[in-house]
Amino acid sequence: MERINEYDLTILMPCRDEEKTVGICVEKAKKYIEQNEISAEILVVNNSSTDNSAEVARRSGARVVNVKKPGYGRTLRAGLKASRGRVIIMSDCDTTYDFAETGKLYKPLVSGKYDVVIGNRYAGGMEKGAMPLSHYWGVKVLSFLARKRFKTDVIDFHCGLRGLTRDGLERIQEAGGFRTTGMEFATEMIAMSVKAGLRIGQVPVTLRRCRVERQSKLRTIRDGLRHLRYIFG
């Protein structure tokens with residue numbers, strides 16, 4: 001039986017129909033791991049992809065688990081459950097985040113300074129065209145409301161580059177655990193971290209344009225309403 005803390009780090013990538021980019025992201029994550037000589041795994045959670053994402057991820061060197069029902073939160077919850085690292089760092093696999101920045105999250109987590117670290121794209125900068133204007137201001141408004149509701153100073157509630165320790169995850173589970181299935185998981189993760197009394201850090205990260213032509217999976221109105229329902233529910 002494999003130990004749950006078999007590695008120092010799990011890099012967790014939720015994936016749905018990303019065959020053009022998931023291999024690039026796995027390779028960049030591998031490069032970070034090798035350059036820093038970290039005991040680590042790359043875990044891709046394939047969420048009902050209709051393309052060849054899972055096979056591309058496997059060929060690139062990732063471990064792949066499959067989730068049949070769609071949903072961002074459902075995917076990340078499955079990945080957290082399947083992870084084997086003492087530290088788990090989550091990042092989208094669409095090339096919008098640079099895995100060279102993984103250390104910004106890993107170092108304060110592995111050192112014990114924080115239990116949770118959230119990326120801040122507003123501090124780190126965004127490439128032109130990386131985020132639609134509606135999302136830019138939508139995230140600002142939703143983050144402001146969530147800060148007030150959950151009494152925290154987190155600036156960017158929706159950043160896709162974030163991490164936590166195994167101990168932090170266990171304390172969240174003791175406090176009630178994660179329950180959401182959609183994009184509102186991003187808000188729930190911070191809210192539950194506050195509830196569990198975890199130390200939350202923030203680091204500047206850069207948001208980049210996706211390197212291939214693709215249709216965004218975000219639905220501004222639908223996903224915004226899901227966050228609002230969670231915040232005020």
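Predicted model: local features only at pLDDT ≥ 70, side-chain atom pairs only at ≥ 80, totals over all residues.
**View 1. The largest nonpolar core.** Welcome to a core of 34 residues, where Leu 9, Met 13, Val 22 and Val 44 have the most contacts inside it. At least two core residues come from each of β1 (7-15), α1 (22-36), β2 (40-47), α2 (53-60), β4 (85-90) and α4 (102-110). The largest share, 6 residues, is supplied by α1.

**View 2. Around Val 44.** Here we look at the surroundings of Val 44, leaving aside its neighbours within four places in sequence. Among the residues in contact with Val 44 are Met 13, Cys 15, Val 22 and Val 26, along with Ala 57, Ala 62, Arg 63, Val 64 and Val 65.

**View 3. Leu 76 in helix α3.** Find Leu 76 in helix α3, which covers residues 72-82. With a relative accessibility of 1%, under the 20% cut-off, Leu 76 counts as buried. Leaving aside its neighbours within four places in sequence, Leu 76 is in contact with Leu 12, Pro 14, Met 90 and Phe 185.

**View 4. Strand β5 and its partners.** Strand β6 (residues 162-165) runs antiparallel to β5 and is joined to it by 3 bridges; look for Ile 118 opposite Arg 162. Strand β7 (residues 200-204) runs parallel to β5, with 5 bridges between them, and Val 116 stands opposite Ile 200.

Methods
Residues numbered from 1 in each chain as written. Heavy atoms only, no water. Core = buried A, V, L, I, M, F, W, Y, C linked by side-chain atoms within 4.5 Å. Buried < 20%, exposed > 50% of the residue type's maximum accessible area, 1.4 Å probe, protein only. Helix = DSSP H or I, 4+ residues; strand = E, 2+ residues; numbered from the N terminus. Contact = heavy atoms within 4.5 Å. Pairing = 2+ DSSP bridges.
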